[in-house]
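Please read these points with the model open beside you. They take up a helix pair and then a pocket.

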Amino acid sequence: MASDQNPTENPSMLHGHAAYVAGAAKEAVGNYVSSDPSWKSSATETKDAAVAEMRAAKAQSEGQPGKYETMGKVEEKLGGAVGCEGMVGEGKERQ
């Protein structure tokens with residue numbers, strides 16, 4: 001999936017979570033299907049970049065109280081839907 005979005009210029013919490021899931025999936029494939037160590041290093045890089053993007057998105061949204069609260073509600077609901085306790089906790093914290 002090609003994207004012209006630059007996470008460092010326009011960080012997104014949703015994109016960061018999606019990228020983290022992609023990295024985790026890549027890691028699982030690398031652990032169970034491939035003995036090639038590049039899968040694991042690529043997965044680690046993807047997850048690290050995703051975490052950095054989520055942190056940047058959080059920092060950017062903290063100065064916008066209305067948006068911050070709304071995004072917290074969305075994050076809590078999405079976290080519950082996908083079973084991510086971290087998202088649920090972050091979402092509750094923002095509200």
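1. Helices H1 and H2 pack at an angle of about 165°, and their axes lie 8 Å apart; axes are lines fitted to C-alpha atoms over the stretch in contact, with angles from 0 to 180 degrees between N-to-C directions. The two helices are therefore roughly antiparallel (over 145 degrees). Helices here are DSSP runs of H or I with at least four residues, numbered from the N terminus.

2. This is a predicted model, in which local features need pLDDT of at least 70 and side-chain atom pairs count only at pLDDT 80 or more, while totals for chains, interfaces and linings use all residues. Residues are numbered from 1 along each chain as its sequence is written, and side-chain values use heavy atoms, without hydrogens and water.

3. The largest pocket has a volume of about 340 Å³, the space filled by probe spheres set on grid points joined across faces, edges and corners. Among its 17 lining residues, His17, Tyr20, Met54, Cys84 and Met87 are the closest to the centre. On a 1 Å grid over the protein atoms alone, a pocket is an open set of points where a 1.4 Å probe fits, with protein on both sides within 12 Å along at least five of seven lines, and lining residues have an atom within 4 Å of a point.

4. Two or more lining residues come from each of H1 (13-32), H2 (37-61), H3 (65-82) and H4 (85-94), and H1 gives the largest share, six residues.

Methods
Angles under 35 degrees count as roughly parallel, over 145 as roughly antiparallel, 65 to 115 as roughly perpendicular and the rest as oblique.
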